[in-house]
Amino acid sequence: MMCSLFGLIDYQNTLTTRQKNHILQVLAKECEVRGTDATGIAYNFGGSIKVYKRPLAAHKLKFHVPNGVHIVMGHTRLATQGKPADNFNNHPWSTGTFALAHNGVLWNDRELRQTENLPDTRIQTDSYVAVQLLEQQKTLDFTTISMMAEKIQGSFVFTVLDRDDNLYFVRGDNPLAIFDFGGFYLYASTEEILRRAMRKLRLHHREAVHTEEGDILKIDRAGQCSFGHFNPNHSMEHFWRNPRFRMLSWFDEVDAPEAIDGQTDLLIQTAKSMGVSEDEVLALLDLGYDPCEIEELLYNPALLHEAAAELLCAYY
């Protein structure tokens with residue numbers, strides 16, 4: 001749930017190769033706050049899509065994107081399914097015609113493999129079902145991407161890069177930030193990550209590119225934006241909205257830690273690593289905060305502590 005997408009689109013050839021590699025290094029390192037189990041990038045070069053990924057934190061990698069690369073799609077991973085040590089489980093994946101990366105957690109990947117007759121694969125990561133669904137369509141465009149997104153249940157933002165240097169952003173209910181710097185775009189999973197990278201890079205953006213849940217944004221090699229749409233699949237409630245989970249609220253089940261959902265536990269463990277207590281996270285979940293909203297609050301601990309303290313005081 002706490003993975004991060006990141007990347008750049010140099011649509012006016014504004015950046016030197018050295019600048020691109022430096023930007024990627026800084027941006028990827030800032031994305032470590034959302035995952036350090038693996039890091040990868042994908043880009044077009046020499047007529048084919050290249051993928052470089054390793055089961056390492058971003059600061060341990062050195063990016064060497066070659067001359068002539070204009071669009072780079074990246075990912076830092078917090079593993080929830082599929083061992084990072086097996087590098088084939090890590091993002092991005094390339095089929096030869098497109099590369100895909102995902103931030104989020106999918107709930108129905110196993111069901112889709114059966115109902116859609118998807119081929120067996122050694123890749124254990126839930127995200128890979130999106131690759132397989134797109135492969136089935138034999139083409140990549142707004143229509144086929146929409147069909148894929150509408151079949152999937154879960155939290156997500158996908159990035160998909162094709163061989164023509166079109167980069168698609170498929171916006172589910174997870175966060176996404178894209179800034180235009182007048183010649184190139186940078187993007188990451190949260191605005192806070194982008195702004196921290198900007199401060200280190202001494203950049204000032206001109207405008208943000210706005211997306212909402214259900215949007216499919218395509219940015220082409222020339223920097224032109226176009227939009228498609230899909231209808232998000234809400235037939236299966238997210239675990240934090242499920243009535244069964246709601247009955248296991250933190251103040252009713254303090255003696256039953258085994259009842260805490262695995263994904264909630266993942267959020268709790270991440271929060272703890274950032275100095276936020278389990279009680280505060282569970283209090284905010286019970287108040288109605290989405291995990292994505294809590295993730296955003298993690299980057300402003302003072303505000304999170306204040307919100308959780310108010311709720312805790314109300315119950316004691």
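**Helices H1 and H5**

Guide: In H1, the residues His22, Ile23, Val26, Leu27 and Glu30 meet Ile193, Leu194, Arg196, Ala197, Lys200 and Leu201 of H5. Keep in mind that the model is predicted.

Visitor: Why are H1 and H5 called oblique to each other?
Guide: Two packed helices are described by the angle between their axes and the distance between the axes. For H1 and H5 the angle is about 135 degrees, and the axes are 9 Å apart. Roughly perpendicular covers 65 to 115 degrees and roughly antiparallel begins over 145, with what is left over counted as oblique. The pair is therefore oblique.

Visitor: What is the handedness of the crossing of H1 and H5?
Guide: H1 passes H5 in a right-handed crossing.

**Salt bridges**

Visitor: What makes glutamate 30 and lysine 200 a salt bridge?
Guide: The N to O distance between their side chains is 2.6 Å, and the rule asks for a Lys or Arg nitrogen within 4 Å of a carboxyl oxygen of Asp or Glu. The pair therefore qualifies as a salt bridge. Glutamate 30 lies in helix H1 (residues 17-30) and lysine 200 in helix H5 (residues 191-201), so the bridge ties together parts 170 residues apart in sequence.

Visitor: How do you know whether glutamate 30 and lysine 200 are buried or exposed?
Guide: Buried means under 20% relative accessible area and exposed means over 50%. Glutamate 30 has 9%, so it is buried. Lysine 200 has 55%, so it counts as exposed.

Visitor: How many salt bridges are there by this rule?
Guide: The count comes to eight. One of them joins the side chains of aspartate 109 and arginine 113 at 3.4 Å, N to O.

Visitor: Why are aspartate 109 and arginine 113 said to be about one helical turn apart?
Guide: Because they are four residues apart in helix H2 (residues 109-115). Aspartate 109 has a relative accessibility of 4%, so it counts as buried.

Visitor: What makes glutamate 116 and lysine 151 a salt bridge?
Guide: Their side chains meet at 3.1 Å, N to O, where the cut-off is 4 Å. This pair links distant parts of the chain, with glutamate 116 in the loop between H2 and H3 and lysine 151 in helix H4, 35 residues apart.

Visitor: Why are glutamate 116 and lysine 151 called partly exposed?
Guide: The label applies between the 20% and 50% limits. Glutamate 116 has 21% and therefore falls in that range. Lysine 151, at 26%, also counts as partly exposed.

**Nonpolar cores**

Visitor: Which residues have the most contacts inside the largest nonpolar core?
Guide: Phe6 and Val72, in a core of 28 residues. At least two residues of this core come from each of strand E1 (4-9), H1, strand E2 (38-45), strand E9 (177-180), strand E10 (185-188) and H5. Leaving aside neighbours within four places in sequence, valine 72 is in contact with Phe6, Gly7, Leu8, Leu24, Ile41, Ala42, Tyr43, Val65 and Tyr187. A second, separate core has 25 residues, including Trp93, Met148, Phe156 and Val160.

**Backbone details**

Visitor: Where does lysine 138 lie, and is it buried or exposed?
Guide: Lysine 138 is in the loop between helix H3 (128-137) and helix H4 (142-151). Its relative accessible area is 75%, so lysine 138 is exposed. Its phi is positive, about 70 degrees, although lysine 138 is not a glycine.

Visitor: What is phi for aspartate 165?
Guide: Phi of aspartate 165 is near 65 degrees, positive in a residue other than glycine. Aspartate 165 is in the loop between strand E7 (154-162) and strand E8 (167-171). Its relative accessibility is 10%, so aspartate 165 counts as buried.

**The whole chain**

Visitor: How many helices and strands does the protein chain have?
Guide: There are 10 helices and 13 strands. Of the 316 residues in the protein chain, 56% are buried.

Terms used:
Residues are numbered from 1 along each chain as its sequence is written. This is a predicted model: local features need pLDDT of at least 70, side-chain atom pairs count only at pLDDT 80 or more; totals for chains, interfaces and linings use all residues. Side-chain values use heavy atoms; hydrogens and water are left out. Buried means under 20% relative accessible area, exposed over 50%, partly exposed in between (1.4 Å probe, protein chains only). A nonpolar core is a set of buried Ala, Val, Leu, Ile, Met, Phe, Trp, Tyr and Cys residues joined through side-chain atoms within 4.5 Å. Contact means heavy atoms within 4.5 Å. Axes are lines fitted to C-alpha atoms, for helices over the stretch in contact, and angles run from 0 to 180 degrees between N-to-C directions. Angles under 35 degrees count as roughly parallel, over 145 as roughly antiparallel, 65 to 115 as roughly perpendicular and the rest as oblique. A crossing is left-handed if the near helix is turned anticlockwise from the far one by less than a right angle, and right-handed if clockwise.
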